Every structure is written in C-alpha cells, then in structure tokens.
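Hi,

Here is the structure I promised to pass on. Have a look at it first, and then read on for what turned up.

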Amino acid sequence: MQFPQALETVLETLERMREEGAHRPCASREMLAQLEKAGAVAPNSPQTRPSRTGTGNRSYQATVDIAPTRDTNSSGKLAAINERVCACVKCPNLANSRTQTVFGVGNPDADLMFVGEAPGADEDAQGEPFVGRAGQLLTKIIKAMGFTREEVYIANVLKCRPDTPGISYGNRPPTPTEMQTCRPYLMEQIDIIQPKVIVALGAVAVEGLLGARAPMHQLRGRWNSFNGTPLMVTYHPAYLLRNQSPSEKRKVWEDMMQVLERLEKPISEKQRSYFL
Ligand code: SF4
C-alpha cells in the first residue's frame, strides 16, 4: 500500500470509529511521529509524484511503500504495543470508564524500570503513569538516585484506571482477573526494554510481576528474579505519603541504594546519608 492510501485508510477508520461512538479512538504519539516521518521522507523518494488532493483538505505529495517494513527498534516496538493497548477492551468495565489508557513513559532502552499497580485519577486524565502526588515523590526518588524520568522507564501492571462505580474519587486495587488480563502487555514491554533492574513498587506490582502475595514488610528490600532480571521490591510512593515516618522513607532509600549498587552506579557520601 502506498503512503497516501495508508494514511487515508487510517484517518477514515478513526473517523468511522468516532461516528460509531467508539470510546476515544486514539493513536500514540510515537505512531503519529512515525507517520509524520514517513510523510517527511516521501518527497525525496524516487517514487515522488505530483501532489494530489485527497478527501477534504488533505493533500499528499508522494508515494511510499510502508506495508512490508517492520519496526526493529525498541521505540517502534513499544509504539506498536501501545496501539493495541489504546484499542483494548478486554476488561469492558475499565474500557468504558477510562478517559484513556496509560501505557508507560521513559527510555525504551532503560537500564532501570519501575513498575507500579495501576493509573489513578491524575494518570487517567493525563495519560502518563505516576504524575500525581505519588508520582512526584517517585520523580524525587529517581532524581536522588542520579537519573531523570526520561532515563528510566515507568509503567504499571494495569493500563487502565480501575473503575470506582458511583464514586468519582479515590482508587481501588486491581482485581486478580484484571491483572491477569493486562499482564501480557507488561510482559511485552519488559521483553523489549530488557532493563538490567526492575523495581516493583508495592504489593500489587509484586503480585502482578511475580504472582507472590505477602505482607510488604516481608517482601521489601529483597532481590527476586523476574525471568532472570534482578527485581527489587520496595514500598509504593503512595504508602510513604500515607506514612510519613522517617524510618519508612529511609527503608525505601536503602532499597534504592541496593539498586544503584546492582547497576554498578557510584554512590556518593551525600547519597548515602540522604533521607527522602
Ligand atoms: S486494563 Fe489492560 S487488558 Fe484491561 S482493558 Fe485496559 S488495557 Fe485492556
């Protein structure tokens, strides 16, 4: 299929979905960037042909064969999964109640990956994981470790906000069925990113990743293996917001220092004496 025809087909499909009342038909930023890139490359292609006007005010200048090519880079592969997540309705109640899916954010080739449980209200509204108060604390932890949010990868076990029928606020934990249904997307993300270390934030993330259930005071601070990748368990930042005790915050920081050691990152004296 040539580029203008492919783009026309995508746009027509999205328009038809909208007319049929589909809930927020969407395409990821990465996918739109790829389409834009394909369009930008086209004019220099030997297959360039005089411009034509398509439907409405759309006009195209070139022909590009895009069908047989396949993304081999991490970013493209993640974008392809995100396309499926965007359209996913495997949990009908969540698909109906969500504002949008929340896939993940950060470096597609990150050494360090954080996994939480599910989007909350802020994340559902913004389409990005860990952007609320707990997210701000996670960002602070990441910075204290010497990284930026863009250098690590952040995702959740569940890609949709767990619904709270009749209540417009608060969060509920995902059900085991919801986690099991959504888990394959996370598995694919980890497979592509291939982090050197995974940090599971909270008991739900541990259950989603390892299938293990136990009190957090027994789980945290210990190394596990996720298909051969070292996995550190620590408290969810939301727990630290509820429990402001310095000793609990210190525990999380000690867990993160273990992570830095595992990543063979130098730890400064300032970092060693740091308290969240
Ligand atoms: S939670 Fe996951 S499996 Fe369920 S509808 Fe959302 S994306 Fe699909």
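Let me start with a salt bridge: Arg272 pairs with Glu261, and their closest N and O atoms are 3.9 Å apart. (A salt bridge here is a side-chain nitrogen of Lys or Arg within 4 Å of a carboxyl oxygen of Asp or Glu.) Arg272 lies in helix α12 (residues 269-272) and Glu261 in helix α11, so the pair ties together parts that are 11 residues apart in sequence. Arg272 is partly exposed, at 37% relative accessible area, and Glu261 is partly exposed too, at 47%. (Buried means under 20% relative accessible area, exposed over 50%, and partly exposed in between, with a 1.4 Å probe and protein chains only.)

Some background before the rest. This is a predicted model, in which local features need pLDDT of at least 70 and side-chain atom pairs count only at pLDDT 80 or more, while totals for chains, interfaces and linings use all residues. Residues are numbered from 1 along each chain as its sequence is written, and side-chain values use heavy atoms, with hydrogens and water left out.

Overall, the protein has 12 helices and eight strands. (These are DSSP runs numbered from the N terminus: H or I of at least four residues for helices, E of at least two for strands.) Of its 276 residues, 45% count as buried. Among contacts with a separation of 6 or more, 69% come from residues 24 or more positions apart. (Contact means heavy atoms within 4.5 Å.)

Back to the charged pairs, of which the structure holds 10 salt bridges. Arg220 and Asp255 meet through their side chains at 2.7 Å, N to O. That pair links distant parts of the chain, 35 residues apart: Arg220 sits in the loop between α9 (216-219) and β7 (223-226), and Asp255 in helix α11 (residues 246-262). Arg220 counts as buried at 18% relative accessibility, and Asp255 counts as buried at 0%.

Another salt bridge joins Asp163 and Arg172 at 2.6 Å, N to O. Asp163 is buried, with a relative accessible area of 12%, whereas Arg172 is partly exposed at 22%. Salt bridges with shared partners bring Asp163, Arg172 and Glu178 into one network.

Asp124, in helix α5 (residues 121-126), is buried yet has no salt bridge. The nearest side chain of opposite charge belongs to Arg161, 5.2 Å away. (Lys and Arg count as positive, Asp and Glu as negative; His and the chain ends are not counted.) What does join the side chain of Asp124 to that of Thr99? A polar contact of 2.5 Å. (That term covers a pair of N or O atoms within 3.5 Å; within protein, one must be able to donate a hydrogen and the other to accept it, and residues adjacent in sequence count only if both atoms are side-chain atoms.) Beyond its neighbours within four places in sequence, Asp124 also has contacts that include Arg98, Gln100 and Val102.

Finally, the largest cavity is lined by 15 residues, with Cys88, Cys91, Arg98, Cys160 and Cys182 lying nearest its centre. (On a 1 Å grid over the protein atoms alone, a cavity is a set of points where a 1.4 Å probe fits but cannot get out; lining residues have an atom within 4 Å of a point.) Helix α7 gives the most to this lining, with four residues.

Best wishes

Methods: Lys, Arg positive; Asp, Glu negative; His and termini not counted. 1 Å grid on protein atoms, 1.4 Å probe; cavity = no way out; pocket = protein on both sides within 12 Å on 5 of 7 lines; lining within 4 Å.
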